[in-house]
Amino acid sequence: MPQSRDSGQTAAPAAGDTTRERVLTAAMEEFARHGIAGARVDRIAKLARTSKERVYAHFRGKDALYADVAAREYVVIAEATQMDPSDLPGYAGRLFDYFVARPDHHRLIAWGRLELPRAAAVADDPDQAVIARKIDQLRQVQQAGQLDPAWDPADVLALVNQIAMTWASQPELSEAAAVHAVDPTTAARRAAVVTAVEQLFPRAR
């Protein structure tokens, strides 16, 4: 998942200062609702109960602020969903659950993909580190005979992620399914996601 490569680094907060955390929380809401270009620092400051000057004391612009918000979100997602490479259907189900419960978090990530150019990966890019670790985990279960080695593990990860986020990334289809699907429940959508991944990448026996 990409994030901004703003040249400015965020300023270190003073010990015990909670302003930075309030700003990050407020910025999460603002970016998810309005995107990066549409987000306004004065609204973030007001929601965080601080001033624009204090926001800029911690972050050198909206791109840097978005980068921090997105980076924190990627860590939270990774911790909440925990990919088990021998049980990819279960992983897909956890991703589905996460974004169903937090559609604003999916919007936050989607805005970054739409609005920010993808710079070349850097050595300490936390997103790329997580992706590389998951690909390596998939390669290991292939070597152990628990996953079809004919698949490139990078393709496996991309396909599982895309299937898991099908409904989160297409809210108009979610609305249509609620009206037109044989079973309009969220549970049915989740079951479809898990079944699709199971058929492609069965759980290790």
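Biologist: Is Thr81 buried or exposed?

Modeller: Thr81 is buried, as its relative accessible area is 1%; buried means under 20% and exposed over 50%, with partly exposed in between, using a 1.4 Å probe and protein chains only. Bear in mind that this is a predicted model, where local features need pLDDT of at least 70, side-chain atom pairs count only at pLDDT 80 or more, and totals for chains, interfaces and linings use all residues. Residues are numbered from 1 along each chain as its sequence is written, and side-chain values use heavy atoms, leaving out hydrogens and water.

Biologist: Thanks! Which residues is Thr81 in contact with, leaving aside its neighbours within four places in sequence?

Modeller: Those are Tyr91, Arg94, Leu95 and Tyr98, where contact means heavy atoms within 4.5 Å.

Biologist: And what lies 2.7 Å from a polar atom of the Thr81 side chain?

Modeller: That's the backbone oxygen of Ile77.

Biologist: Switching topic: at what angle do helix 5 and helix 6 pack?

Modeller: About 95°, with the axes 4 Å apart; axes are lines fitted to C-alpha atoms over the stretch in contact, and angles run from 0 to 180 degrees between N-to-C directions. Helix 5 is therefore roughly perpendicular to helix 6, a label for angles of 65 to 115 degrees. Helices here are DSSP runs (H or I, at least four residues), numbered from the N terminus.

Biologist: Nice. Which residues meet there?

Modeller: Tyr98, Phe99, Val100 and Ala101 of helix 5 meet Pro103, His105, His106 and Ile109 of helix 6.

Notes:
Helices (H or I, at least four residues) and strands (E, at least two) are DSSP runs, numbered from the N terminus. Angles under 35 degrees count as roughly parallel, over 145 as roughly antiparallel, 65 to 115 as roughly perpendicular and the rest as oblique. A polar contact is a pair of N or O atoms within 3.5 Å; within protein, one must be able to donate a hydrogen and the other to accept it, and residues adjacent in sequence count only if both atoms are side-chain atoms.
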